[in-house]
Amino acid sequence: MFCNQCEQTSKGKGCTRLGICGKNEAVAIQQDKLVWQLRELAAVALMAREAGIVDTATDDFAFKALFSTLTNVNFDPVSLRAVQEECLERTTALAARVPGAPAPTPLAALDLRDTATDHLSGDEDVRSAMQILLYGLKGVAAYADHAAELGQRDPDVAAFLYRGLRAGTELDPESHDLNGWLGLVLECGKVNLRAMELLEAGNTGTFGTPVPTPVSLGRRKGKAILISGHDLPDLLALLEQTRDTGINVYTHGEMLPAHAYPLLHAFPHLAGHYGTAWQNQQKELPDFPGAVLFTTNCIQDPRGYADKVFTSGNVSWPGLTHCKGRDFSAVIQKALELPGFAEDVPGREVLTGFGRETLLGAAPAVLDAVAQGKLRHIFLVGGCDGARPGRNYYTELVEKIPADCLILTLACGKFRFFDKELGSLGGIPRLLDVGQCNDAYAAVRVALALADALKCGVNELPLSLVLSWYEQKAVSILLTLLALGVKNIRLGPTLPAFVSPNILKVLVEQWNIMPVTTPDEDLKAILG
Ligand code: FSO
Ligand code: SF4
């Protein structure tokens with residue numbers, strides 16, 4: 001196996017035996033084969049589009065299938081095999097409708113082929129660009145899948161997914177030089193903005209516009225279910241199915257911002273938030289006295305507490321019960337069997353829900369504070385969390401940011417500081433949780449609106465982005481920021497293993513992207 005797609009990749013180079021994430025060799029190879037199958041599907045789907053055939057069900061499938069190869073999503077060879085079989089069936093069926101379309105490789109023949117790297121160019125920079133593109137596409141696929149679940153689709157997003165998947169393979173009629181690859185990579189960023197826009201439309205259209213909402217970190221006496229991941233429709237279904245059962249539902253990880261959506265907040269048994277970021281689950285979940293549902297990444301080996309963990313959607317772990325079709329009766333049954341919390345435990349509250357509308361509403365006050373010299377600088381400190389000790393940088397940075405600065409945050413990286421008392425500035429809380437990783441869309445729109453109001457470019461704003469990355473959704477968001485011309489991004493805790501020295505040079509020269517150093521040094525550099 002060879003996998004270098006996430007930040008915790010072995011020795012900063014690549015996992016070659018067993019993934020640090022727990023992905024074993026067989027599953028890694030299977031995921032590579034599935035990606036290859038999707039490249040074949042892409043070639044056929046592009047020919048179909050030329051013939052005027054757009055098959056939405058196949059587009060939806062392609063997003064889901066690629067999503068299942070993201071870090072910490074699907075560790076189960078049986079369910080991955082089913083995805084592979086469906087991919088073969090769909091490609092065969094679509095090819096039959098398109099004259100001259102190539103037949104997909106049968107699974108038995110695919111098993112004999114090393115699809116991890118065999119199609120990758122020998123040129124280090126081209127290989128790097130192909131990997132950046134593939135990992136960015138995985139992020140796009142995740143957001144497009146979430147959006148499609150909410151009925152939001154744009155056939156152009158699928159068309160680009162196909163173009164990107166076909167690129168560089170023997171199925172691609174075009175050839176691309178390094179500039180062509182970089183062009184595709186930036187286009188991936190733009191397409192990801194569209195995917196996040198669709199998802200925002202789906203979320204707000206279904207659940208309402210997020211409003212700043214205090215969320216309890218305490219516990220309520222009674223039976224309990226913990227729901228983790230990013231899938232809000234799963235949460236809605238769970239809340240509906242647990243209505244009047246006496247079970248309280250708690251959010252975990254990236255589900256925290258769900259509390260800010262009016263439709264979800266209205267359920268009185270949406271009781272609060274439990275735990276912190278994904279990499280702490282093996283410490284935090286054994287003590288949870290109820291059932292646990294993982295709706296998307298990031299799941300880890302539930303050894304020792306597997307009997308109470310369930311999965312849904314694209315997530316799978318061998319041996320766990322997978323809830324199909326948003327039927328959570330097995331989760332509810334398990335929660336009723338488990339003791340639940342013995343008593344009420346009051347807890348602190350944290351604020352979430354500073355979505356696009358709220359932030360845009362606060363923009364005049366922010367601009368005013370900037371004009372009066374009361375607000376020196378805005379920091380966006382966000383992205384994904386992970387296990388590396390170097391990630392304490394983000395906690396320390398937030399603690400050290402001076403009191404006349406605001407801090408926007410999003411995604412699971414915020415759990416390093418989400419419960420800190422940072423006070424307020426001109427009536428605005430200093431720490432503003434924009435939401436999940438996909439809500440980077442909201443942060444981008446607000447930055448563009450502020451630049452517009454101040455009649456300057458986004459790089460001239462008193463705004464600095466200090467991002468943490470872990471998996472492929474973060475890659476797609478980074479590409480979006482680059483495609484929008486956002487410069488001076490600080491990235492950590494380490495730089496991606498899949499970026500070659502020459503491509504890094506381009507990123508530094510054109511975007512002045514830089515690694516995080518120490519909180520003190522970076523603050524000095526930013527604030528002057
Ligand atoms: Fe985190 Fe995991 Fe949301 Fe990622 S929970 S690491 S970028 O999947 O998606 O922020
Ligand atoms: Fe290694 Fe990350 Fe790939 Fe897992 S996803 S095998 S940790 S590079």
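Biologist: Which residues are around ligand 1?

Modeller: In this predicted model, the residues around ligand 1 are His 230, Glu 254, Trp 278, Asn 297, Cys 298, Cys 384, Ala 411, Cys 412, Cys 437, Tyr 470, Glu 471 and Lys 473, where a residue counts if one of its heavy atoms lies within 4 Å of the molecule. Residues are numbered from 1 along each chain as its sequence is written, and ligands are numbered from 1 in the order in which they are written. Local features need pLDDT of at least 70, side-chain atom pairs count only at pLDDT 80 or more, and totals for chains, interfaces and linings use all residues, while side-chain values use heavy atoms, without hydrogens and water.

Biologist: How does that shell divide into nonpolar, polar and charged?

Modeller: The shell has 7 nonpolar, 2 polar and 3 charged residues, with Ala, Val, Leu, Ile, Met, Phe, Trp, Tyr, Cys and Pro taken as nonpolar, Asp, Glu, Lys and Arg as charged, and the others, Gly among them, as polar.

Biologist: And which side-chain atom lies 2.8 Å from an oxygen atom of ligand 1?

Modeller: That is a polar side-chain atom of His 230, and an N or O atom in the side chain of Lys 473 is 2.9 Å from an oxygen atom of the ligand.

Biologist: Why does ligand 1 lie between two domains?

Modeller: Domain 2 (213-337) and domain 3 (354-527) both give residues to its shell, so the ligand lies between them; the bounds come from an automatic or database domain assignment.

Biologist: Changing topic, what does the C-alpha trace span?

Modeller: Along its principal axes, the trace spans about 65 × 60 × 45 Å.

Methods: Polar contact = N/O pair within 3.5 Å; in protein donor to acceptor, adjacent residues only side chain to side chain.
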